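Hello,

Here is the structure I promised to pass on. My notes on the strand pairing follow below it.

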Amino acid sequence: MRFEFEHLGTTTPFELSEGQHLLGGGSEDHIRLEGLPPKLLTLRIEAQRLMVEAARTFSVNGVLAPPGVPRLVVPGEALGLPEEMCLRVLQEATGERGVGTVAVLKGLLTGAAELSPSRAATLTCLTGLDVGRTHALAEPCTELGRGSEVALRLRDRAVSRTHARILHGEVGFTLEDLGSPNGVYLNGQRVQGRAPLVDGDVIEMGRSLLRFQAPMEEPPPPPPEPTPPPEAATPEAGAAPEPESAGQPGSALMPTPPPQADASASGTQPDAAQPPPRKARGEWWLIGLGAVAALVGLVVTYALASGG
């Protein structure tokens with residue numbers, strides 16, 4: 001785990017491996033810093049988790065921590081030491097937010113094989129029997145206390161059964177004291193009624209400290225790709241241009257179809273597929289009578305010729 005020590009404007013980075021380390025100004029301290037009391041801090045590093053216990057009162061991000069009480073310190077926090085010294089816990093190069101308790105339970109019930117990191121706001125227990133526990137604030141109202149009916153239960157006898165609640169609304173997150181005898185403290189100041197929460201705030205209830213972490217912002221959606229303008233249709237090579245109407249150019253009138261050619265005027269034969277018109281019945285009678293008259297005339301002429 002990486003640290004940075006600052007004193008009189010000078011910073012000194014260093015790293016510590018897993019295990020227990022003593023920090024102070026004594027000869028037995030593993031990390032010796034002149035001007036500090038001997039064995040001032042006990043640093044326990046296990047699985048990238050840092051627990052700090054001090055021999056006297058110290059501060060974390062400006063919030064006082066009592067001596068003799070192990071306190072979880074997360075990356076990004078700074079420990080205030082005597083003589084205006086400061087010890088910072090540096091952020092890791094890559095790190096994801098852990099999955100909250102609510103998300104874990106939902107994953108177990110639904111049988112999810114893999115859980116993605118939670119983007120909701122979270123509360124992390126820094127002291128007490130629940131140290132290291134992270135709770136996701138996914139509901140509009142989350143009650144905290146020692147009773148079994150609250151959403152976030154703390155194993156702390158100094159905490160009331162229903163001690164406080166956290167509200168999530170349009171303006172953000174708000175901490176509210178529910179009239180507990182020991183009160184609720186936000187960054188060392190007692191809450192009177194309600195108080196807004198911001199990222200990194202420390203809530204104190206009884207002997208328990210909880211660190212508020214604001215929700216992760218969703219990445220903005222990528223901008224839509226610009227659509228190319230439609231290309232104007234160009235006439236093909238060799239195609240005749242469309243005729244314009246007799247009126248104004250560019251009018252939407254439909255062109256008139258060409259007149260059909262007269263068969264009698266052009267001398268062309270009618271369509272062979274069309275049957276010829278049937279003659280009237282009276283014309284057939286006239287033709288028959290004419291044929292009979294002609295036949296009678298031939299017979300009479302023949303008879304006269306034979307008799308002469």
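Strand 18, residues 184-186, is joined to strand 19 by two bridges, and the two pair in the antiparallel sense. Within this pair, Leu186 has Gln189 of strand 19 as its bridge partner. Please keep in mind that the model is predicted.

Both strands belong to an open sheet of six strands, ordered 13-12-22-21-18-19, with antiparallel pairing. Its edges are strand 13 (134-137) and strand 19 (189-190), each of which pairs on one side only.

There is also an open sheet of six strands in the order 2-1-11-10-7-8, where the pairing is again antiparallel. Strand 2 (10-15) and strand 8 (63-65) are at the edges with a single partner strand each, so one side of each has no neighbour in the sheet. On average, neighbouring strands of this sheet are turned by 25° against each other, direction ignored.

Strands 1 and 2 make a hairpin with two residues between them, and Leu8 in the turn has a positive phi of about 55°.

As for strand 8, three bridges connect it to strand 7 (residues 58-60), and the two run antiparallel. Phe58 has Ala65 in strand 8 as its bridge partner.

Regards

Note on methods:
Residues are numbered from 1 along each chain as its sequence is written. This is a predicted model: local features need pLDDT of at least 70, side-chain atom pairs count only at pLDDT 80 or more; totals for chains, interfaces and linings use all residues. Side-chain values use heavy atoms; hydrogens and water are left out. Two strands pair if DSSP finds at least two bridges between them. Helices (H or I, at least four residues) and strands (E, at least two) are DSSP runs, numbered from the N terminus. Axes are lines fitted to C-alpha atoms, for helices over the stretch in contact, and angles run from 0 to 180 degrees between N-to-C directions.
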